[in-house]
Amino acid sequence: MAKIDARLRENVHLLGELLGRAIRQQHGDELFEKIERIRKGAKAARRGIAEGAQQLGETLDSLDEHELLPVARGFNQFLNLANIAEQHHQVRRRRAGEPEPFECRALPHLLERLKGEGFAAEELARQLGRLDIELVLTAHPTEISRRTLIQKYDAIAAQLAAKDHSDLTLAERLRIEQRLMRSIAEVWHTEEIRRQRPTPVDEARWGFAVIENSLWEAVPNVLRQVDHALNESTGLRLPLSAAPIRFASWMGGDRDGNPNVTARITREVLLLARHQAAELYLREVEELITTLSMQAATDDVLHLAGGDPEPYRAVLKRLRDRLVATRDWAAAAQQVDIPPSAEVLQEVGELREPLELCYRSLHARGMGLIADGGLLDCLRRISAFGLFLVRLDIRQDAARHRSALTEITEFLGLGRYEEWDEARRLTFLQEELDNRRPLLPPDYQASADTAEVLATCGVIADAPAGSLGSYVISMARDASDVLAVQLLLKEAGLRRPMRVVPLFETLDDLNHAGPAIDRLLGLPGYRRRLQGPQEVMIGYSDSAKDAGTTAAAWAQYRAQESLVQICRAHEVELLLFHGRGGTVGRGGAPAHAAILSQPPGSVTGRFRTTEQGEMIRFKFGLPDIAEQNLHLYLVAVLEATLMPPPSPRAEWRELMDQLAADGVATYRGIVRDQPQFVDYFRQATPEMELGRLPLGSRPARRRQGGVDTLRAIPWIFAWTQTRLMLPAWLGWDSALQRALAQGKGPLLREMRAQWPFFATRIDMLEMVLAKSDADIARRYDERLVEPGLQALGLELRDRLTQAIQAMLELTGQEELLSHSPETQEAFSLRNTYLDPLHLLQIELLARSRQQPELADSPLEQALLVSVAGIAAGLRNTG
C-alpha cells in the first residue's frame, strides 16, 4: 500500500501534536494519556491485534461522565485538522520536479485535443466565451461546522501555507508555529455545536461569506488562467463580457417545507445581497482610485471627468459615491421600506459602463498592462456576480400552489381546483393568464398560508429582475403546476418573464417528466410567456430515497434523454438544473465525472447545479481549492458540449433496465415493505437525536410520519453515522449479483469501460462501499437495537457484504480501491480516530435514550460532538 505523501503526514502529525498540547493545558496529563491509549488501541485493533481492541475497550469503559465530552472533542478536532491538512496538500506550492495538478493542465490539454478533432480556433473561443455555468449555493443543513470555527480553520490553513516556504529563517518558522498553536488553542476553547439553529438570514450570510472570502478572489484568477490558455492555444482572447461561471442561491429563497423562510425574509436577503455586493465593489473601486493616477485618456473619459487633471480618478470617485449610496440604502431598507434615490445603482450597466470606459481608454493610450490588472479583475467580477452578488431562486412545493388556487376558486364560486382533472385545470389557468382583469377582488381576505404564497409572489414582482433566478416547483408532476405559478405571479403584478421550473423528484415523476414538458410546450400562449430556455430540474435526493440509487440514476438519465428529444422537437432550448446532493445517496459525484456522464445533448454550453451544505466549504471554502473546482466545471462543460459521450448501446440499455428493476424491487422491499424497518432504523441510527442538532433553519421532516416524511438529508446522515451507508448501495447488491450470476460480467465490464454514465455510478458505489464498515454497524445493533429487530440488521449487513463481493468481482480487484492506494491509506488514517468516536457515540446514544431528560447536559453535548466528528471524518453528512 502506498504511503501518504511525507509532507502531508508531517503536517497531520504537527497539527495533532499541537492539539495534544492544548488538551494537556486544559485537562492535564491524565486525560491526554487516556486519549492516547484510545488512539493507539484503535490503531492496533484495526490491524487485528487483540490486545489493541482490549486496550481500546477498557480505556473507553474507564471514562467517567465528565471525561466523555473532552475525549469526543479531541477526536472530533483531530479529524477536522486532518481535513485542513489534506485540503492544504491539494494546493500547496509545487515542489521542483512535481507535475502540475490535473486541474491546472486540464484546459490546455482539452483545447489541444479539440483542435486535433478539427475544431477551429474561432469556434473554441466562441464556445468558451458563451459557456453559462451557474452554481446554486443551497442552505441544506449539512454544514455541521460553526462559521466561527470555519474561520479559525481557514487561519490554520493559511499558516500551513506560510510554513511551506523553503527559505524561512528559524525565527519565521517559530512565529508560524506559535500562530498555529494559538489558532488550535482557540479552536479547542470554542464550542463545536451551535446552541441555536441558524435563521435563514444567518444561512444567507454564511453563503455570502464564502463569496467574500474565497470566490471573490478565485473567479477572476480562474478567468485570467482561462484567457491565458485560450490565447496560448488559439491566439484569441476571452471576451471582456464573458461570464462562464455565475452564482445563484437558495439561502433565503427556499421555502419548501421551511416555515421560517417567509416573504419578509426573502426581501431582507435580497437587500442583504445588494448591500454586500455594493460593499465589495466599493473596496475594489477605492483600490482603483489609488492605482489609476495616470492622466492620458480618451475623449469620452475626459468628457466624463469634467476636465479633472486625473480623469480616471474623477470617473471612479463618481462611481464610488453611487456605490456608497447603494450600500447605505440597502442597509436602511432592511429595516424600513424606503424607496431608493436616483443615486442608487439599479442596473448592472450603471456599474459596468464607467469601468469599461476606463479600461478601453487605458488600452487606447498604450497602458493595456495597467488595464489588465485590478481593473480587468473588477470587470470579470461584475460579469460573474452582477449588481446583486447572487441571483436568488425561489422554491416552493407544488401542493402549496394547488392549495392556494383551491382557496381562490372556492371563494370565486368555481369549485375546488385541487379536485379538477388536468384538462380542466389547464383550461382555467390559460383563460386567466390571457385575461387582463385581476383574478381576485381588492377585498379578498386570504388565509395565512395563501397570503404567504401571494406575498412571496409580491416580493418577486417588486424585486429587480437581475436579483432573481428561477422559481422552482418541488414535487411537480404536471404542466398545470407551471401555469399555476405563472398565474399567481401575474396576480401579484409581475409583468416580465421569469423562469418557472418544475422539479421532478420521485421515480414516477421522473418517468412522467417528458410527457409533462411535451404537453406544456404544446399549450397555446406558453411559448410566448417562456421567452428563453425551458428549464427543468432533476431531483437526485428524493428520487434516490424513493427508489434507491440504482433505479433513480437510470430514471434520471432516461428523463434527461426524453427532455432533450422533446425540446428539440419543439425547437426550444433546454436548460437542465441538477439538484445533486453531496453524498452518493443523494446523487453526489465529482463534478468533472458527473458532467461527462450526462446523456449526449443534455449539456450544450449551459449547466446549472446545486452545491450543497458542507460541500460548499470543501469545494469553495479556500480560494485555491475553489480555483481547482471551478476549472473542473469549465473543462467538463466544454468537453461535454463539444465532445459528448456516445449514446448507450441497446444491450447496455437492456441490462440497465434489468439492474434498475432488480434494484428498486430490493430497495422498496426493505424500506417500504419490511414491517420492522422503521423501528429498526430509529433504534440502530441516531435519526431521532439528529433532530436535536441545530444544523439548519429547516425542520428535518416535512410532517410527522415514517421514512417517507423524512427529508433526504437526515435519511442519509443517519445511516452515514453508523457506517452502514445503506441508501447509497441498497439495490445494487441484488442487481449486480443477479447480473453476474447470469454470466453478464463481461457486459458489465464493457459498460464500465465504455459508458461514462455507468462507470461513474460504479466508481461512486465503490467509494461508498469502502467507507462502509459492517463491524461498526454491528456494534450499534448490539448495544441499541432490541433483540427482536437484530435479525434485520444482520440481513442488511449480509447484503452489504454481497454488494462488496459483487463489486470486487466486477472490478477484478482483491480489495476495494486497490487502484487508489493513497485513498486507502487516507481512510486507514481516519479510521484510527473514527473508531473511538463510533464507540463513544454508541454508548452516549444508549445513555441518552435511558435519560432523555438530560438535554443540554455534557452527555448530550458529547453525543452531538460525536456526530460532528464522524461527519468530519467521512467528509460528508447528507
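Glu795 and Arg799 both belong to helix α34 (residues 790–811) and stand four residues apart, about one turn of the helix; helices (H or I, at least four residues) and strands (E, at least two) are DSSP runs numbered from the N terminus. Their side chains meet in a salt bridge (3.4 Å, N to O), defined as a side-chain nitrogen of Lys or Arg within 4 Å of a carboxyl oxygen of Asp or Glu. Glu795 is partly exposed, at 32% relative accessible area, whereas Arg799 is buried, at 19%. Buried means under 20% relative accessible area, exposed over 50%, and partly exposed in between (1.4 Å probe, protein chains only).

The model is predicted: local features need pLDDT of at least 70, side-chain atom pairs count only at pLDDT 80 or more, and totals for chains, interfaces and linings use all residues. Residues are numbered from 1 along each chain as its sequence is written, and side-chain values use heavy atoms, with hydrogens and water left out.

The whole structure contains 67 salt bridges, including those tabulated here.

| Salt bridge | N to O distance |
|---|---|
| Glu795 – Arg799 | 3.4 Å |
| Arg608 – Glu535 | 3.0 Å |
| Arg752 – Asp763 | 3.5 Å |

Arg752 in helix α31 (residues 745–754) and Asp763 in helix α32 (residues 756–771) are 11 residues apart. Both Arg608 and Glu535 are buried.

In helix α33 (residues 774–784), the buried residues are Ile776, Ala777, Tyr780, Asp781 and Leu784. Viewed down the axis of α33, these fall within an arc of 145°, so they line one face of the helix; the arc is taken from the directions from the helix axis to the C-beta atoms.
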